Amino acid sequence: MSKSYRMIIYRGVSMIEGWPEKIRDAQSIKTCVVNGREVARIRYGEEEDDWGADNRACHDCSVIKGEFHVEGCDVERCAGCGGQRISCDCQSDEDED
């Protein structure tokens, strides 16, 4: 049996209840560790790719331009290599958990 989720509207975007808290929590995580070095995270709209941040929220995690992505977002770039953070080959602090 599938679980049903309550949807809400936050900043004009439909999302699952509880997601706005994840967006707010993500804003306090300003750095990450890449290959043993602490580096600043890349904010939505600062990526090399044009994800349309000037016109819309992130299609995956719903942050707006200038905010940090929610952990696990497929749009977030790695500050080490510039690739997709969730699938790049850089060793991150999450790899050690």
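This is a predicted model: local features need pLDDT of at least 70, side-chain atom pairs count only at pLDDT 80 or more; totals for chains, interfaces and linings use all residues.
Residues are numbered from 1 along each chain as its sequence is written, and side-chain values use heavy atoms, with hydrogens and water left out.

A search of the whole structure finds eight salt bridges, each defined as a side-chain nitrogen of Lys or Arg within 4 Å of a carboxyl oxygen of Asp or Glu.

| Salt bridge | N to O distance |
|---|---|
| Arg11 and Glu67 | 3.0 Å |
| Glu71 and Arg85 | 3.4 Å |
| Arg85 and Glu76 | 3.3 Å |

The side chains of Arg11 and Glu67 meet in a salt bridge. Because Arg11 lies in the loop between β1 (7–10) and β2 (13–16) and Glu67 in the segment after β4 (37–40), the pair ties together parts that are 56 residues apart in sequence; strands here are DSSP runs of E of at least two residues, numbered from the N terminus. Arg11 is partly exposed, at 37% relative accessible area, whereas Glu67 is buried, at 14% (buried means under 20%, exposed over 50%, and partly exposed in between, with a 1.4 Å probe and protein chains only).

Arg85 forms salt bridges with Glu71 and with Glu76. Glu71 and Arg85 both lie in the segment after β4, 14 residues apart. Glu71 is partly exposed, with a relative accessible area of 46%, while Arg85 is buried at 14% and Glu76 is buried at 2%. Through shared partners, salt bridges join Arg41, Glu71, Glu76 and Arg85 into one network.

Key
Helices (H or I, at least four residues) and strands (E, at least two) are DSSP runs, numbered from the N terminus.
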